[in-house]
Amino acid sequence: MTEIEKQHVFIIGSKGIPARYGGFETFVEKLTLYQKSPDIQYHVSCLVDDNEKLRTFSHNGAKCFDIKGYNIGPAKAIFYDVESLKYCLAYIKSNKIQHPIIYVLACRIGPFIGYYKAKIEKLGGRLYVNPDGHEWKRAKWNALVRRYWRISEMLMVKYSDVLICDSKNIQKYIKTRYKKFNPNTTFIAYGSETTKSKLMDDDQKVVAWYQNKNVRPHEYYLVVGRFVPENNYETIIREFMRSNTDKDIVIITEIRNNPFYDKLKLATGFENDKRIKFVGTVYEQQLLTKIRENAYGYIHGHEVGGTNPSLLEALGSTDLNLLLDVGFNREVGEDGAIYWMKEDMSLAKLIDVADKMSPKETHELSTLARKRINDCYGWEYIIERYESIFFSYFIQRDEVTKNGNSTSSIKLQ
């Protein structure tokens with residue numbers, strides 16, 4: 001198949017690849033890394049600082065292109081997505097790409113999407129959208145910004161041809177809230193894996209990390225995630241301080257230049273508890289996996305959005321997982337985890353219970369968690385689902401060429 005005959009898929013909305021942290025970045029990394037079909041050509045937008053030189057480059061076979069991001073507050077991501085979309089449309093037109101798919105991750109550019117949807121249709125393309133989670137619930141936004149996110153979400157749903165939801169709870173929300181648009185939705189979760197780290201416990205890299213952070217293997221609870229209020233760091237830290245555990249809590253996150261850190265310190269006084277350790281970031285995947293494997297337990301406090309990659313990775317690597325009891329987390333963890341609420345002493349008591357669990361009990365939970373990941377969240381299965389959806393348009397477009405019928409009424413399951 002020639003380059004122009006391939007199914008071209010343009011992905012915008014992630015910070016790009018190679019991935020560091022971030023659900024969308026991890027997803028795009030794996031989608032391109034484990035690509036099965038040679039007949040799909042991915043194009044990926046990558047965010048760079050405004051002082052960096054723009055490049056085009058190849059990664060995992062995907063054609064990547066840099067787009068500058070300007071420090072203009074909440075509008076930064078909106079500007080980035082719009083500029084990425086403009087680049088894609090110009091590329092499609094100049095290279096005469098036939099029937100492209102534009103896949104937008106998150107609902108940030110709703111007020112502009114009607115204008116660009118007309119351009120996408122004029123070029124013979126379709127608009128796919130991942131609605132992500134409830135962006136308008138994030139604590140960092142003021143009332144005006146939250147209203148923008150609600151309106152933007154509504155317009156992205158209205159103009160999309162296909163909505164790919166990474167959570168059944170999000171899919172249900174979209175179909176219920178926007179019933180008037182009769183949204184064409186399908187469910188594909190994020191992927192994960194249960195492969196062990198390639199690093200041994202006595203690897204110098206592993207030993208050095210533990211010594212440097214003053215942490216003992218199997219003697220700590222672990223938290224990994226973006227350092228934002230809606231991931232419930234304050235609740236987790238307060239409750240941990242109230243627990244009787246003699247284990248540490250190791251928090252892997254980026255706190256530099258983040259005012260939330262100082263607010264958290266003031267609100268909880270955690271600096272006086274030697275068990276609480278902010279250890280910075282770990283970008284090397286094999287080392288991070290080893291740290292997950294060696295944790296006594298993983299604490300997950302995310303409550304905004306769909307399937308979270310850090311939760312999937314924890315279920316695939318850490319034996320004991322303590323999850324905030326919300327629909328998104330229950331949907332993923334099912335019986336392979338134990339759950340806590342945000343009410344006073346809920347997590348503190350659960351930590352004390354977890355400390356006393358027998359090896360048999362933690363092994364049973366671990367077995368259920370691994371099975372859950374292997375059965376429903378394996379990357380091979382996820383990639384097959386995505387390629388099937390992308391190729392459903394590939395097949396449909398050929399039928400359109402032959403018989404002149406529209407694909408607008410085709411529904412995904």
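This is a predicted model: local features need pLDDT of at least 70, side-chain atom pairs count only at pLDDT 80 or more; totals for chains, interfaces and linings use all residues.
Biologist: In what sense do S3 and S4 pair, and over how many bridges?

Modeller: S3 and S4 pair in the antiparallel sense, over four bridges, and within that pairing the bridge partner of Thr-56 is Phe-65 in S4.

Biologist: How should I read the salt bridges, and how many are there?

Modeller: The general idea is that side chains of opposite charge can pair when their charged atoms come close. Here, with a side-chain nitrogen of Lys or Arg required to lie within 4 Å of a carboxyl oxygen of Asp or Glu, the count comes to 23 salt bridges. One of them joins the side chains of Asp-355 and Lys-247, at 3.5 Å from N to O. Asp-355 lies in helix H12 (residues 346-355), whereas Lys-247 lies in the loop between helix H7 (233-242) and strand S10 (248-252), so the pair ties together parts that are 108 residues apart in sequence.

Biologist: Are Asp-355 and Lys-247 buried or partly exposed?

Modeller: Asp-355 counts as partly exposed, at 22% relative accessibility, while Lys-247, at 9%, counts as buried.

Biologist: Which parts does the salt bridge of Arg-292 and Glu-313 tie together?

Modeller: The side chains of Arg-292 and Glu-313 meet at 2.8 Å, N to O. Arg-292 belongs to helix H9 (residues 285-293) and Glu-313 to helix H10 (residues 309-317), so this pair links parts that are 21 residues apart in sequence. Arg-292 is buried at 1% relative accessibility, and Glu-313 is buried at 18%. Elsewhere, salt bridges that share partners join Lys-117, Glu-121 and Asp-161 into one network.

Biologist: Why is Cys-88 too far from Cys-46 for a bond?

Modeller: A disulfide requires two cysteine sulfur atoms within 2.5 Å, whereas the sulfur of Cys-88 is 11 Å from the closest cysteine sulfur, that of Cys-46, and is therefore too far for a bond. The structure holds zero disulfides; for Cys-107, the nearest cysteine sulfur, in Cys-165, is 9.1 Å away. Cys-88 is buried, with 0% relative accessibility, and Cys-107 is buried with a relative accessible area of 8%.

Notes:
Residues are numbered from 1 along each chain as its sequence is written. Side-chain values use heavy atoms; hydrogens and water are left out. Buried means under 20% relative accessible area, exposed over 50%, partly exposed in between (1.4 Å probe, protein chains only). Two strands pair if DSSP finds at least two bridges between them. Helices (H or I, at least four residues) and strands (E, at least two) are DSSP runs, numbered from the N terminus.
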